[in-house]
Structures are given as structure tokens and as C-alpha cells.
Amino acid sequence: MKKNASKTLSDLISLEGKRALITGAAVGIGRAIALRFAEAGADLHLVDLDTRGLGTVRSQLSQFDRNVETHHVDLSTKENIDTLWEKLAGREPDILVNNAGIYPFKSFLEVDEAFLEKVMNVNLNSALWMCQHMIRRRLRKGGVIINIGSIEAILPFEKHLSAYSISKTGVIALTRSLAKEYGSYGFRVNALIPGGIVTPGTKAVAKELTQGNVRLLRTGVEFKLRLPLGRGGQPDEVARTALFLASDLSSYVHGALIPVDGGFLSS
Ligand code: NAD
């Protein structure tokens with residue numbers, strides 16, 4: 001195998017011969033990651049509970065002539081995740097992207113057990129169980145894990161997102177503890193910290209929340225004013241950073257939290 005310094009740029013960025021599993025791949029950031037990874041040469045396992053969206057992304061991927069398997073899974077239970085990995089036996093991914101997530105708003109005083117459980121199960125526990133399966137299966141081979149965090153974990157900006165912030169803070173802790181524990185087994189584990197990315201999820205939230213709500217309208221304006229780049233981000237701008245982390249371009253990047261937020265956290 002060539003040492004990285006003697007590899008060409010196209011060797012370094014290539015995912016040829018790799019298989020990547022992406023959760024929440026039906027729309028938004030997950031879909032954009034699927035498209036860039038396929039372009040870079042990866043075969044794909046795409047996981048989501050949105051069957052229609054998975055069908056759409058599969059047809060968009062047909063231009064790349066890769067092996068694409070879609071899996072309709074609700075990641076909110078460990079049982080479903082265990083079943084998925086049983087199905088994957090012999091076709092385990094080299095690269096795992098834990099991207100599926102939800103960001104429902106609820107006042108902290110109204111958060112109940114069911115609400116908290118749902119947010120934690122989808123955003124944090126699913127990533128944890130996915131990582132456990134990946135590491136168990138590939139203990140002698142290693143691999144790449146990319147977890148998707150959020151700027152809200154570092155700087156809570158909008159009210160009523162405490163459960164979400166807590167879940168995404170857990171994703172960061174998960175990333176760093178696995179980086180510490182499994183780097184020497186050949187795993188590279190990193191987190192992306194997106195913020196202000198225009199996706200079907202954020203568009204739906206923005207629409208729902210701004211209807212007649214002056215406070216939220218103001219938050220939207222303040223958010224934008226704080227962005228040094230002065231605009232929202234595109235899912236593909238997160239996907240390109242994910243490709244950097246998935247590929248040998250980032251062979252010495254490990255345990256890192258990389259914001260893709262137009263400079264929000266730095267301003
Ligand atoms: P999105 O809502 O547009 O897409 C999320 C995808 O996850 C959907 O396809 C949805 O069906 C899937 N999903 C949700 N619950 C699931 C479940 N239980 N099982 C399987 N799939 C499930 O979201 P997005 O904006 O593209 O965000 C993707 C990730 O990035 C999320 O983890 C989100 O928290 C994080 N993030 C996004 C932003 C942003 O600005 N868009 C900012 C910070 C963090």
C-alpha cells in the first residue's frame with residue numbers, strides 16, 4: 001500500500017473499494033453525503049424510515065453505477081438496529097455516518113419522558129448502537145466513523161431545544177470517547193458540527209415556527225446577522241467536509257469536531 005505522501009490527490013480523495021453506511025440518507029445532509037460518496041467511488045448502504053425519499057436518492061445515484069442498498073429502518077429502537085446489522089453480515093461498511101436526527105421544539109417545562117426518550121433514542125442512542133456494531137464487527141480491520149453533532153450542543157441559540165442540545169452534546173462525548181478508545185484499533189472517529197444548513201428539516205421547522213411568532217422571527221434574523229458568511233449553508237457543503245473525513249485526505253484527523261456553520265460558532 002502506498003504511503004499517503006506518495007499518493008496523488010485523486011488517490012487520497014477516492015473511496016473506490018469502500019462501502020459506506022449513511023443514516024438519515026433520504027433527504028437533506030444525508031442525501032448530499034450519499035451523492036458525494038458515490039461520486040468518490042463508494043458503494044452504499046442507505047438507511048432511513050422515509051421509503052419514498054430513499055427511492056428518490058437511489059434514482060439520483062444511478063448516474064454513478066455503484067452498488068446501492070436501501071434499508072427502511074426506524075433507528076429509534078436498538079432492536080431495529082440489531083436487525084439491520086444482522087442483515088448486513090458479510091457486507092459491513094468501512095465507513096459509518098451517523099446522520100439521522102430530529103429537532104422537535106418543546107419548552108423545557110413541558111418536556112416529558114416520552115419526548116425526551118424519543119429525542120435521545122433517535123439522536124444519540126442510535127449513533128451509540130450503530131458505533132458499537134461497527135466497532136465489534138471490524139475490530140481487526142478498523143474503519144471510519146463520522147457522527148453528526150450540532151452547533152446547538154456548543155452554543156444553545158434558540159429556546160425550546162434543550163432535549164436536542166443534550167442529545168447532540170452526547171454525540172460529541174461519544175465521538176471523543178470512541179476516538180480515545182479505538183484509535184489504536186484502526187478506527188478514525190470524528191464529528192461534524194453543522195449549523196444553518198438549508199434542508200427539508202430546517203425548512204419545515206422554520207415554516208412552522210415563524211407563522212405569526214414574532215420572537216422566532218427575531219431569532220431567525222439574529223441567527224443570520226451572526227453568520228459571518230451572511231447566508232445559510234447547503235447540504236452539499238456539509239457533504240464535502242464529510243468526504244474529507246471519510247477519505248485518506250484526513251488520515252491524521254481523529255477525535256475532531258469540525259464546524260460547518262458559516263462561522264457561526266466563531267462570531
Ligand atoms: P432532515 O430532517 O432534513 O433529514 C433527516 C433525515 O433523518 C430524514 O430523512 C429522516 O427521515 C431521517 N430520520 C429521522 N428520524 C429517523 C429515524 N428514527 N430512523 C431513521 N431515519 C430517521 O435533517 P437535516 O437537516 O438534513 O439534518 C441531518 C443531521 O444534521 C441531523 O442529525 C441534524 O440534527 C443535524 N444538524 C442539522 C443542521 C441543519 O442546519 N440542517 C444543524 C445542526 C445539526
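Modeller: Start at Y185, which is partly exposed because its relative accessibility is 41%. On this scale, buried means under 20% relative accessible area, exposed means over 50%, and partly exposed is in between (1.4 Å probe, protein chains only). Keep in mind that this is a predicted model, where local features need pLDDT of at least 70 and side-chain atom pairs count only at pLDDT 80 or more, while totals for chains, interfaces and linings use all residues. Residues are numbered from 1 along each chain as its sequence is written, and side-chain values use heavy atoms, with hydrogens and water left out.

Now for the ring partners. Searching the whole structure turns up 6 aromatic pairs. Rings of Phe, Tyr and Trp (its six-membered ring) pair if their centres lie within 6.5 Å; planes under 30 degrees apart are stacked, over 60 edge-to-face, and the rest tilted. One of the pairs is Y103 with Y164, edge-to-face, at 5.8 Å centre to centre and 75° between the planes. This pair ties together distant parts of the chain, 61 residues apart: Y103 is in the loop between β4 (95–98) and α5 (113–137), and Y164 is in helix α6 (residues 162–182). Those element names come from DSSP runs numbered from the N terminus: helices are H or I with at least four residues, strands are E with at least two. How covered are the two partners? Y103 counts as partly exposed because its relative accessibility is 24%, while Y164, at 9%, counts as buried.

Back to Y185: its ring and that of Y182 have centres 5.4 Å apart and planes at 50°, so this pair is tilted. Y182 has a relative accessible area of 19%, so it is buried.

K78 lies over the face of W129, 4.9 Å from the ring centre. Likewise, K106 has its charged end over the ring of F115, 5.3 Å from the centre.

Methods: Lys NZ or Arg CZ within 6 Å of the ring centre and 35° of its normal.
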